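Dear colleague,

Please find the structure below, handed over for your own work.

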Amino acid sequence: MKTSTISTSKCRKRLEKIGIAIVWIAIWQLCYWIVKQELLLASPFSVLKRLGELMIQSEFWKTVAISCLHIFTGFILGVFLGVLFAVLSAKYALFCSFLSPVMTIVKATPVASFIILALIWIQSARLSVFISFLLILPLVYTNTLQGIRKTDIKLLEMAEVYQMSAIGRLRYIYIPQLLPYFFSACITGVGFAWKSGIAAEILAVPKNAIGTMLYESKIYLETTDLFAWTAVVILLSLFFEKIIVRAIQFVGERWIRTGER
């Protein structure tokens with residue numbers, strides 16, 4: 001009975017999402033009919049048709065693969081160093097004070113400023129890796145550090161009393177406590193990584209990149225292509241978000257099951 005109720009609830013939510021998507025597509029189509037200018041606003045049908053045309057081209061998949069590789073590499077580097085720096089900052093107050101102004105500057109500086117400055121030192125093909133990394137780093141660092149600092153003191157005291165090893169504390173106390181903070185940082189970070197990475201490609205115009213396709217679509221007033229490539233960015237961002245959510249949930253469940261044993 002309980003399983004049936006959960007299944008019905010999930011089905012209803014999916015139907016709601018589909019219904020909302022259809023409504024927004026209808027609004028988009030209505031706006032297209034009002035404007036009546038393909039140059040200013042492409043119709044949903046023409047965008048879908050153009051996406052189909054692009055997807056049968058090998059160059060399209062090469063472009064998507066290169067952008068995905070660069071942005072995902074920046075994301076992974078940002079996550080890895082963000083966690084590492086957070087652990088060091090939690091352990092050493094001096095290291096935390098040393099990093100604090102850098103993290104503040106990175107969070108406060110506009111992405112466009114970093115892109116323009118980075119273009120002086122970094123090749124355009126690698127710029128999206130650096131910018132994605134730079135945007136993810138402070139986000140993961142701040143959330144992870146906050147999670148470490150909010151770890152239940154009573155659990156740590158208990159671990160001290162029972163002389164639990166460092167690995168045991170990490171496995172049974174810190175990781176379960178940190179997962180919600182880390183999860184939140186990664187989910188938010190995926191969107192930031194894609195936005196900043198594509199912005200870097202638009203300004204740097206590297207060869208075979210989604211950002212370059214967007215830039216060229218704008219230059220040549222190919223509105224349908226502009227909408228089609230924008231849709232690609234949105235879909236890829238959602239796809240990677242789902243993968244990361246599933247991966248973190250899988251790891252979290254494994255830790256909980258292992259802990260229960």
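Of the 261 residues of the chain, what percentage count as buried? The share that counts as buried is 36%, where buried means under 20% relative accessible area, exposed means over 50%, and partly exposed lies in between (1.4 Å probe, protein chains only).

Some conventions apply. This is a predicted model, in which local features need pLDDT of at least 70, side-chain atom pairs count only at pLDDT 80 or more, and totals for chains, interfaces and linings use all residues. Residues are numbered from 1 along each chain as its sequence is written, and side-chain values use heavy atoms, with hydrogens and water left out.

Overall fold

The chain has 10 helices and zero strands. Helices (H or I, at least four residues) and strands (E, at least two) are DSSP runs, numbered from the N terminus.

Cavity and aromatic rings

The count is one cavity of 30 Å³ or more. On a 1 Å grid over the protein atoms alone, a cavity is a set of points where a 1.4 Å probe fits but cannot get out, and its lining residues have an atom within 4 Å of a point. Grid points are joined across faces, edges and corners, and a volume is the space filled by probe spheres set on the points. The largest cavity has a volume of about 50 Å³. Its lining consists of I71, F72, F75, V190, A193, W194, F240 and I244. At least two lining residues come from each of α3 (58-91), α8 and α10 (223-260). By class, the lining holds eight nonpolar, no polar and no charged residues; Ala, Val, Leu, Ile, Met, Phe, Trp, Tyr, Cys and Pro count as nonpolar, Asp, Glu, Lys and Arg as charged, and the others, Gly among them, as polar.

Ring pairs link F72, F75, W194, F239 and F240 into a cluster. Rings of Phe, Tyr and Trp (its six-membered ring) pair if their centres lie within 6.5 Å; planes under 30 degrees apart count as stacked, over 60 as edge-to-face and the rest as tilted. The whole structure contains eight aromatic pairs. One of them joins F60 and W61 edge-to-face, at 5.0 Å centre to centre and 80° between the planes. F60 is buried at a relative accessible area of 5%, whereas W61 is partly exposed at 44%.

Helix α4

The 16 residues of helix α4 (residues 93-108) should span 22 Å at 1.5 Å a residue, and the end C-alpha atoms are 23 Å apart, which agrees. The expected span is 1.5 Å times one less than the number of residues. α4 bends by about 30° at L99, with a proline, P101, following within four residues; the bend is the angle between axes fitted to the seven residues ending at a residue and the seven starting there. The buried residues of α4 are C96, L99, M103 and V106. An α-helix has 3.6 residues a turn, so residues three or four places apart point the same way.

Neither is a glycine, yet V205 has a positive phi of about 50° and N208 one of about 55°. V205 is partly exposed at 34% relative accessible area, while N208 is buried at 14%.

S124 belongs to helix α6 (residues 124-149) and is partly exposed, at 29%.

With kind regards

Terms used: 1 Å grid on protein atoms, 1.4 Å probe; cavity = no way out; pocket = protein on both sides within 12 Å on 5 of 7 lines; lining within 4 Å.
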